[in-house]
Amino acid sequence: MADIVLDRVSKTYSDGYTAVKDLNLEIADGEFMILVGPSGCGKSTALNMIAGLEDISSGELRIGGEVVNKKAPRDRDIAMVFQSYALYPHMTVRDNIAFALKLAKRPKEEIDAKVNEAAEILDLQNHLERKPANLSGGQRQRVAMGRAIVRNPKAFLMDEPLSNLDAKLRVQMRAEVARIQHRLNTTTVYVTHDQTEAMTLGDRVAIMLHGELQQVASPMELYNTPKNLFVAGFIGSPGMNFLPATIDNGVAKLPMVDVKLPQELADRIGRIDSNKKLIAGVRPEDFEDAAHVGPDQRDRGTTFKTKFDLVEAMGAEYYVHFTVRADSLQSAQVDDLLADSGGIQDLSEEGSSVVVARLDAESKVKVDEPTEVWVDATKLHFFDADSGESLSA
Amino acid sequence: MEYTRNQKILWALGTVVVLFYALIPVIWIMSLSFKAPATIGDTRFLPSDWTWENYSAVFEGGLGFNRALFNSIGIAMITTVLALALAAMAAYAITRLQFPGKTIILAGALAISMFPQISIVGGLFNVWRVVGLYDTWPGLILPYLSFALPLSIYTLSAFFREIPWDLEKAAQMDGATGAQAFRRVILPLAMPGVFTAGILAFITAWNDFLFANVLTATDSARTAPVALSFFRGASQFTDPSGAIAAGAVVVTIPILIMVLIFQRRIVSGLTAGAVKG
Amino acid sequence: MAQIAAPATSPPPAASEGLTDRAKAERKLGWILCAPAVLTMLLVAGFPIIYAFYLSLRREDLRFPDAGEFVGLSNYSTVLTSTTWWNAFGNTVFITVVSVVLELILGMLIAQAMYRAIFARTAIRASVLVPYGAVTVVAAFAWRLAFDPATGFAVDLFNLEPPPLTSHWGSMAVIIMAEVWKTTPFIALLLLGGLALVPEDLYKAAKMDGASAWQRFVKITLPLIKPALMVAVLFRTLDAFRIYDAAFIITRGANNTDTLSVLGYNQLVSRLNLGLGSAISILIFFCVMIIAFIFFRFLGASPERR
């Protein structure tokens, strides 16, 4: 087992395209690190460089304190789980799992023992003599895991290992991956584009965009104090609502209501020119049906009246949509977020914007009925519209 | 697809017609090969007396057929092995490596596969006589290669593209050297494609008539199809048809057996890529 | 992501490899691996064509080896003004067009029969491969001996009088039959591959839209298998245009049935007139290139066998 350190690691391709730029990342021994970001953000390139499957253009990669830039993958003692699983189709499950040990010329008894142990951990005992083609998706995924854990490597690298599974199985295998990693306590780097996986699995999460690291932090820290607009929008589902705003003398002017900022938040933000264009971020759960907000809570925020266009009953809660008058946002990072979600602008009319709120299941909200909504002023986020940097973090 | 009664009858009938179409000429030549010389002119479809006489005439007579068969087998096999070796290297490079000139090589190979053989054979006829390749095995193997190569390169490329090359990376991560990854992971997966390309190359060489007819003069390199075309009766009053038929069956049977055993492979080889084109 | 996390079945992400030492080594390895195949093809197919072109510009007759001299295009004018050439040309075009059309129709029917076969699927597939596996010379002999009045069953059976091999059109018919029999399976298999790619749901949808069986064939099957069809037609046309084996075995040019390849062979080998023979070879070569060009340019065939 070992720690992994990326020291100003870059990857530039022959056509001049830079996939990874000056990446600094320290992954502690036994840590579960997630690399997450939209397509093309460089997370898989970073993983392949750690694996040794791609050359490092500049910078230094250290595994267990040793510089391994020039080492072949086979000499790095790390195991990888591929998105396609990359199971050898002409070998049985047993031979697939044993392959690395056979290449290392381990004694037969040791190989058998280790394969059986891995099979037990992964519940594959009854499938050892089958070929990959005869396995279900979940079983194949477990064989791929088995191939990695059987070697006791210094680290596991996982490249979107769950993305080929259907939704239900994915949740199940997610828990399994977490359980196995916890049990073996092996340093793990896990690449995904799914923020839910990132949040639920990782000790820490590194968010990347356009080859650059945006923020590394624990999941809760990312959620509560995102460093910029992109991180704020990428983490959380449904995503954070973004609205144009200005701050004048401690009062934030949002499209639906003016909010007096709590002293603590105002101090964090500091002095702001009242003409400066800002973007305010409100997470859906920081709204509430005013009728269900206790009097002690009520002071922390402001209320406003609106009508809901859409009410989605989720059972444990409601997702409600309402429209506010607001100019569309001009921000590069907002565009990046849109691109990640498939580039679908909400279908509201020009000059208006849809806000999603998460309300208590007890509230009796209905479509088109005027309702008083409360917003938690202490949980507001403010971003510089030009740079996307958070002012409140 | 659900069929109505009439459709069922129609397609069943179609099946029978296709079977007849494909098999009658072959059955006919076989039947002719079993006819006794006395009844060869009876113009009946099936022999009245069955005999092996024609076969013994082919193998024992002074027709040079044994030697021709030996030449055919040797030349076709060497062609196949060489074509596979050269084409496998090229196809690997074309599917796996990035280098300028790839498209030109593919286009050139395609163009060569369209060349009319007659346009090449004249030049070869003249050059081979000068350099001493006329009427030798290499003198046939080389032109066969030039036609087997494009076919093999295309077939192998189509197969190689289907190999999940992630496996090569996976093997590297499992601690394999490049050579180990190739031998233990890639090669077993590539074998079906290599095998298919080999069969197609063999058939190409075995089937040729023009090159063998022009570039050989004696038994030393004459192949079986050419020998067949040279069959004459023992005297000018003897009809060589029986011997020709027997020789034809002998030339055809090995290929037919091969084709039937490996039919799946051959079909996938023939249609590889062309369908997607 | 697109440039790195390639799914297992797609080609490798070679395009994005760095122009590092690795990329340079890769480039070199690519050339080294291709070199033997490329050199062989250049040597044995490329060079003889150029050499044939050179010969075609000279008087070059092996019976008079010392009389070789440069004669410019006169061999070409000799060939192009001779009736033999135009006869052979007409025969070849006729055989090509008729057999390709017949092969297409038969091939389509056989492909449909194989696709829809309700019983003996394997048997029918195997039997269709029999003509493909038969050596061309053998196929030619089978048809010649069947129609030979001395040995064949066909003349008596169908009461053919006079026997077909004694007339021009009869001989042409037998040549075409041998050619069609031998090569239709190839077309049928290519078309079958194309048919298998047409989703069955499309036929159901078309049926719901009220299309008849014929309309379904013309409006759905044909357009969707067009790529496979065009490749098959291109390869078969070029192949048929080069016809030599069947014509040589069945008639050896009797009854005015010379094809271009047989004509070239006669000049080169029987008459040892390399100059004239090479001119014929080069003309055939240009015909083939023109046919290929027409297919690529106007008929949308792209045999980029991906």
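Visitor: How many helices and strands does chain C have, and what makes a stretch count as either?

Guide: Chain C of this predicted model has 12 helices and 2 strands. Both kinds of element are DSSP runs, numbered from the N terminus: a helix is a run of H or I of at least four residues, and a strand is a run of E of at least two. Read from the N terminus, the elements of chain C follow the order α-β-β-α-α-α-α-α-α-α-α-α-α-α.

Visitor: Which conventions apply to the numbering and to the predicted model?

Guide: Residues are numbered from 1 along each chain as its sequence is written, while chains are lettered from A and ligands numbered from 1 in the order in which they are written. Because the model is predicted, local features need pLDDT of at least 70 and side-chain atom pairs count only at pLDDT 80 or more, whereas totals for chains, interfaces and linings use all residues.

Visitor: How does the radius of gyration of chain C stand against the rule for a compact globule?

Guide: The radius is taken over C-alpha atoms, and the globule rule is 2.2 Å times the number of residues to the power 0.38. For 306 residues the rule gives a value near 19 Å, but chain C has 25 Å. The C-alpha trace of chain C spans about 70 × 65 × 30 Å along its principal axes.

Visitor: What makes a residue buried, and what percentage of chain C is buried?

Guide: A residue is buried if 20 or more other C-beta atoms, placed from the backbone, lie within 10 Å of its own; with 12 or fewer the residue is exposed, and in between it is partly exposed. By that count, 46% of the 306 residues in chain C are buried. For chain A, the figure is 43% of 393 residues.

Visitor: Why is Glu110(A) called exposed?

Guide: Glu110(A) has 11 C-beta neighbours inside 10 Å, and therefore counts as exposed. Glu110(A) belongs to helix H3 (residues 108–122) of chain A. Its C-alpha atom is separated by 58 Å from that of Leu380(A), which is 270 residues away along the chain.

Visitor: Which segments of chain C are listed as "transmembrane region", and where does the listing come from?

Guide: An unreviewed UniProt entry lists several segments of chain C, including residues 88–111 and 217–235. UniProt positions are given in the numbering used here, feature names are shortened, and annotations may be inferred rather than shown by experiment. In the model, residues 88–111 of chain C are 100% helix and 0% strand, with end C-alpha atoms 33 Å apart. Residues 217–235 of chain C are also 100% helix and 0% strand, and their end C-alpha atoms are 23 Å apart.

Visitor: How is the confidence in chain B expressed?

Guide: It is expressed by pLDDT, the predictor's confidence in each residue, from 0 to 100. The mean for chain B is 86, and 94% of its residues reach 70 or more. Over residues 273–277 of chain B the pLDDT is below 50, although this stretch has 21 contacts in the model beyond near neighbours in sequence. Where pLDDT is low, the predicted coordinates should not be read in detail.

Visitor: Why are E2 and E5 of chain A said to stand at the edges?

Guide: The open sheet has 4 strands in the order E2-E1-E4-E5 (chain A), with antiparallel pairing. Strand E2 (18–27) and strand E5 (66–67) of chain A each have a single partner strand, so one side of each is left without a neighbour in the sheet.

Key. Two strands pair if DSSP finds at least two bridges between them. Two residues are in contact if their C-beta atoms, placed from the backbone, lie within 7 Å.
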